[in-house]
Amino acid sequence: MLRFSRVLDGEPSAAQRAAARVLRLTADERARSRLAAMFDDGTAAAIVLPRGTVLRDGAWLAAESGELARIEAAPQPLARVTASSSRHLLRAVYHLANRHVPAQITAEAVLIERDGVLERMLASLGATIEHVEAPFEPEAGAYDGGHHHAQASEIDEASRNLGEELSIAAHRARAAGGPSR
């Protein structure tokens with residue numbers, strides 16, 4: 001099992017990038033500071049980061065062994081919200097923000113995780129909803145301070161349950177016919 005407990009501040013060398021593994025995670029998984037995951041080849045990974053750390057697409061993690069992993073935002077079910085005018089789209093964004101809904105904002109649309117109640121509310125405001133599968137990179141928020149550095153005792157405490165989580169993930173993967181992510 002590879003144990004990742006550090007986010008790199010800069011870019012790794014070309015040789016390190018070539019040797020690195022890719023770990024595909026949903027937005028929810030990238031927001032967890034403690035996570036048991038599996039690489040596509042079935043290798044177990046334990047991510048133990050300081051609380052509040054949110055991994056963005058393209059982030060680099062360093063394992064205690066020195067191995068690197070690049071985080072990739074995994075495609076997930078989303079609702080793509082558009083409107084006939086910028087005023088209608090801004091109105092939709094206002095109502096999503098009022099409910100503290102994580103959202104990815106582009107020039108022409110807003111992406112949110114699928115939610116039937118929210119989608120009906122947005123449609124009643126004149127928005128158009130399209131279901132898509134795409135990587136989700138919600139706004140970090142005005143007060144996002146980036147990642148923090150963990151104390152060794154915090155990392156050790158968090159690692160206690162990762163073995164059990166990895167075992168559960170491996171059993172699910174076998175039951176589904178392949179490795180899980």
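Two strands are said to pair if DSSP finds at least two bridges between them. Strands (E, at least two residues) and helices (H or I, at least four) are DSSP runs, numbered from the N terminus. The model is predicted: local features need pLDDT of at least 70 and side-chain atom pairs count only at pLDDT 80 or more, whereas totals for chains, interfaces and linings use all residues. Residues are numbered from 1 along each chain as its sequence is written, and side-chain values use heavy atoms, with hydrogens and water left out.

**Overall composition**

The protein chain contains six helices and 10 strands. Of its 181 residues, 40% count as buried, where buried means under 20% relative accessible area, exposed over 50%, and partly exposed in between (1.4 Å probe, protein chains only). A contact requires heavy atoms within 4.5 Å. Among contacts between residues at least 6 apart in sequence, 69% join residues at least 24 apart.

Six strands make up an open sheet with mixed pairing, in the order 2-6-5-1-4-3. Strand 2 (21-25) and strand 3 (34-38) are at the edges with a single partner strand each, so one side of each has no neighbour in the sheet. From one strand to the next, the twist averages 35°. Angles run from 0 to 180 degrees between N-to-C directions, and axes are lines fitted to C-alpha atoms, for helices over the stretch in contact.

Strand 1 (residues 2-7) has five of its six residues buried, so this strand is largely enclosed by the rest of the structure. Strand 1 pairs with strand 4 (residues 44-48) in the parallel sense, and there Arg3 has Ala46 as its bridge partner. With strand 5 (residues 60-63), strand 1 pairs in the antiparallel sense; Phe4 stands opposite Ala63 of strand 5. Strand 2 runs parallel to strand 6 (residues 68-73), and Leu25 is opposite Ala73 in strand 6.

Strand 8 and strand 9 (residues 110-113) form a hairpin with four residues between them. In this pairing Ile105 stands opposite Val110 of strand 9. Where strand 7 pairs with strand 9, Leu78 has Glu113 as its bridge partner in strand 9.

| Strand pair | Sense | Bridges |
|---|---|---|
| Strand 1 and strand 4 | parallel | three bridges |
| Strand 1 and strand 5 | antiparallel | three bridges |
| Strand 2 and strand 6 | parallel | five bridges |
| Strand 7 and strand 9 | antiparallel | four bridges |
| Strand 8 and strand 9 | antiparallel | two bridges |

**Individual residues**

Pro50 is in the loop between strand 4 and strand 5. Its relative accessibility is 6%, so Pro50 counts as buried. Arg32 is 18 residues from Pro50 in sequence, and the two are 9.6 Å apart in space, C-alpha to C-alpha.

His100 belongs to the loop between helix 3 and strand 8. Although His100 is not a glycine, it has a positive phi of about 55°. With a relative accessible area of 73%, His100 is exposed.

Arg21 lies over the face of Phe39, at 4.9 Å from the ring centre. A charge sits over a ring if NZ of Lys or CZ of Arg is within 6 Å of the ring centre and within 35 degrees of the ring normal.

A search of the whole structure finds one aromatic pair. Rings of Phe, Tyr and Trp (its six-membered ring) pair if their centres lie within 6.5 Å; planes under 30 degrees apart count as stacked, over 60 as edge-to-face and the rest as tilted.
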